[in-house]
Amino acid sequence: MSETTSAWTNRRVGQALVLAQGRLAALSWGRQDAPVWLALHGWLDNAASFTRLAPLLAEVLDIRIVAIDFRGHGHSKHAPAGSDYALWDYCHDVLDAMDTLGIEQASLLAHSMGAAVACLVAVAMPERVAQLTLIDGLGALNTPAEETANQLRKGLIAYRRPLSRPPRYADIESAVAARVAGGVTPLDSVTAMPLVERNTEATADGYIQMRTDSRLLKPSLVRFTPEQVLAQLTCIQAPMLLIEGERGILGEREWAEQARQAVKDLTRHVLPGGHHLHLEPKVVAAVAEVVAAHWQTATA
């Protein structure tokens with residue numbers, strides 16, 4: 001591969017990184033000596049979630065974006081046997097990545113579950129978070145207090161079942177089709193392709209197998225209550241830009257409105273697109289434009 005071709009490829013798909021003493025994998029875009037934004041993906045996604053947005057932002061804002069694979073996702077290691085994938089565990093992934101990169105205070109770019117993790121880090125460690133750019137996600141998935149016992153029961157029963165084998169497919173197209181058909185939120189094959197490519201590996205007998213830890217599909221043992229999440233959001237000190245898709249998961253739902261009102265310094269933009277609007281080829285440029293314009297104005 002020529003130097004020119006290699007540079008173009010890195011701008012598009014990102015440069016591979018290993019962080020946290022080999023525990024976490026990541027992708028990077030932009031100059032290595034530029035200010036770093038840490039990017040956090042959604043549940044069952046991976047660092048390739050930012051493949052289309054990160055190159056645009058790195059160029060226009062002259063920043064370096066480092067997108068991590070959370071534990072159990074993408075190319076990162078799975079959690080040890082007998083351990084859990086609680087939402088707050090991912091905070092260690094963020095802090096470990098920051099420590100590896102030598103970042104005292106981070107700008108966080110986060111989607112969906114990653115947005116929930118970003119909020120937790122901003123609440124618990126406000127001195128480590130400079131600003132938040134959240135994409136179709138705000139605060140943690142929650143369960144009413146009266147459902148706590150039932151949630152714990154579901155989690156314990158699920159965790160004691162034997163692990164299922166990772167799904168296998170004849171080719172990458174079949175794996176993409178399965179992701180499109182089984183996704184929690186709607187997305188098309190073009191949008192899903194980068195996620196599936198990073199989340200699969202070839203088997204010795206010629207099939208395509210998912211890398212994702214199957215334990216991620218088990219229900220959480222414990223969740224925050226709605227009241228706890230709203231109380232957390234009121235504690236966020238960092239300025240927040242929230243970009244939602246018109247067909248996303250927030251919209252004008254009562255919970256979403258309560259969550260938005262709880263944040264002291266929040267700017268909201270709603271754009272055409274779905275939950276993965278930052279990865280949709282027809283929408284990603286608009287997302288980049290909003291992000292760049294907002295933070296350029298805020299820091300002017």
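A word on conventions before the residues. The model is predicted, so local features need pLDDT of at least 70 and side-chain atom pairs count only at pLDDT 80 or more, while totals for chains, interfaces and linings use all residues. Residues are numbered from 1 along each chain as its sequence is written, and side-chain values use heavy atoms, with hydrogens and water left out.

Let's start inside, with Leu109. This residue sits in strand β5, residues 106-111; helices (H or I, at least four residues) and strands (E, at least two) are DSSP runs, numbered from the N terminus. Leu109 is buried, with a relative accessible area of 0%. For that word, buried means under 20% relative accessible area, exposed means over 50%, and partly exposed is in between, with a 1.4 Å probe and protein chains only. Which residues does Leu109 contact, leaving aside its neighbours within four places in sequence? Among them are Trp37, Leu40, Phe50, Leu53, Ile65 and Ile135, where contact means heavy atoms within 4.5 Å. Trp37 is 72 residues away from Leu109 along the chain, yet their C-alpha atoms are separated by 6.7 Å.

Not counting residues up to four places away in sequence, Ser112 touches Gly42, Ile135, Asp136, Gly137 and His275.

For a contrast, take Glu197 in helix α7, residues 189-198. Glu197 is partly exposed, with a relative accessible area of 48%. From Glu197 to Thr133 there are 64 residues in sequence and 25 Å in space, C-alpha to C-alpha.

Next, helix α8, which covers residues 226-234. Which residues of α8 are buried? They are Pro226, Val229, Gln232 and Leu233. These residues cover an arc of only 125 degrees around the axis, so they lie on the same side of α8; the arc is that of the directions from the helix axis to the C-beta atoms. Their cover includes α4 (113-124) and α9 (254-262).

On to the cysteines. How many disulfides are there? The count is zero, taking a disulfide as a pair of cysteine sulfur atoms within 2.5 Å. For Cys91, the nearest cysteine sulfur is that of Cys119, 10 Å away. For Cys235, the nearest is again that of Cys119, at 12 Å. Cys91 counts as buried at 13% relative accessibility, whereas Cys235, at 43%, counts as partly exposed.

Now the charged pairs. Side chains of opposite charge can pair when their charged atoms come close. A search of the whole structure finds 16 salt bridges, a salt bridge being a side-chain nitrogen of Lys or Arg within 4 Å of a carboxyl oxygen of Asp or Glu.

One of them joins Asp96 to Arg23, with the closest N and O atoms 2.8 Å apart. Asp96 lies in helix α3 (residues 89-101) and Arg23 in the loop between β1 (15-19) and β2 (24-29), so this pair ties together parts that are 73 residues apart in sequence. Asp96 is partly exposed at 30%, and Arg23 is partly exposed at 22%.

Another salt bridge pairs Arg268 with Glu244, at 2.9 Å from N to O. Arg268 is in strand β11 (residues 266-274) and Glu244 in strand β10 (residues 240-247), 24 residues apart. Buried or partly exposed, which is Glu244? Glu244 counts as buried, at 1% relative accessibility, while Arg268 is partly exposed at 29%.

Then there is Glu257 with Arg260, whose closest N and O atoms are 3.0 Å apart. Because these two are three residues apart in helix α9, about one helical turn separates Glu257 from Arg260. Arg260 is buried at 7%, and Glu257 is partly exposed at 29%. Salt bridges that share partners join Glu244, Glu252, Glu257, Arg260 and Arg268 into one network.

Last stop, the surface. Trp88, Leu152, Leu156 and Val222 make a nonpolar patch of about 340 Å². Patches are made of residues with over 30% relative accessible area and no salt bridge, with like charges joined within 9 Å and nonpolar side chains (Val, Leu, Ile, Met, Phe, Trp, Tyr) within 5 Å; accessible areas come from the Shrake-Rupley method with a 1.4 Å probe, and for residues only the protein chains shown count as cover. Leu156 belongs to helix α5, residues 148-159, and is partly exposed at 43%.
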